[in-house]
Amino acid sequence: MINSSVPGPGLWEYRFTKSNEVEGLWTLQCHDAKTAVTSAPLSLTFEGELAAYEWIIRVFKLEKHSVNAYLRGEVNAEIAGPVVHEIYKLGQPDQESTLWFYGQFLGANPLPVDAKLLSF
């Protein structure tokens with residue numbers, strides 16, 4: 001079933017997970033619980049685990065976070081929205097659509113993006 005909602009303002013849940021199969025590959029996903037909209041899984045590449053943690057903490061302006069094999073928590077949509085949009089756009093160079101959330105663009109599987117290409 002296609003969800004016709006769009007992500008809204010407020011806090012979104014995020015999960016930033018390290019790949020067990022590919023060195024340096026991480027996946028970011030955001031979810032707006034109020035509208036039940038989830039982003040496409042966005043793949044990012046980093047030169048080491050510390051670089052990945054520092055990037056997500058800096059870009060999402062995180063004050064509270066727990067580090068395991070992943071980072072998860074809540075982030076303001078005003079911060080996360082532009083980040084997710086830019087990653088999706090870079091990972092879908094041949095697509096005309098820039099809609100990064102499920103329901104509007106089902107089956108999205110963006111290419112991995114080198115985090116150094118992002119200017120946040």
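Predicted model: local features only at pLDDT ≥ 70, side-chain atom pairs only at ≥ 80, totals over all residues.

Which backbone nitrogen does the side chain of D32 reach? Select D32 and K34 together: the D32 side chain comes to 3.2 Å from the backbone nitrogen of K34, where a polar contact is an N or O pair within 3.5 Å, with one atom able to donate a hydrogen and the other to accept it, and residues adjacent in sequence counting only if both atoms are side-chain atoms.

Numbering starts from 1 along each chain as its sequence is written, and side-chain values use heavy atoms, leaving out hydrogens and water.

Stay on D32. It is found in strand 2, strands being DSSP E runs of at least two residues and helices H or I runs of at least four, numbered from the N terminus. D32 is buried (under 20% relative accessible area; exposed is over 50%, partly exposed in between, 1.4 Å probe, protein chains only). Even so, D32 has no salt bridge, meaning a Lys or Arg side-chain nitrogen within 4 Å of an Asp or Glu carboxyl oxygen. The nearest side chain of opposite charge, K34, is 4.8 Å away; Lys and Arg count as positive, Asp and Glu as negative, with His and the chain ends not counted. Now show P7, G8, L11, W12 and V37: D32 touches them, leaving aside residues up to four places away in sequence, with contact meaning heavy atoms within 4.5 Å.

Next, hop to A36, in the loop between strand 2 (25-32) and strand 3 (37-38). Check its phi: about 60°, positive although A36 is not a glycine. A36 is partly exposed, at 47% relative accessible area.

Where does K61 sit? Look in the loop between helix 1 (49-59) and strand 5 (66-67). K61 also has a positive phi without being a glycine, near 50°, and is exposed at 58% relative accessible area.

For the aromatics, select F16, W26, F46, Y53 and W55: ring pairs link them into a cluster. Rings of Phe, Tyr and Trp (its six-membered ring) pair if their centres lie within 6.5 Å. The whole structure holds 6 aromatic pairs.

Finally, zoom out. You'll see 2 helices and 7 strands, running β-β-β-β-α-β-β-α-β from the N terminus. Of the 120 residues, 39% are buried.

Notes
Phe/Tyr/Trp six-rings, centres within 6.5 Å; stacked < 30°, edge-to-face > 60°.
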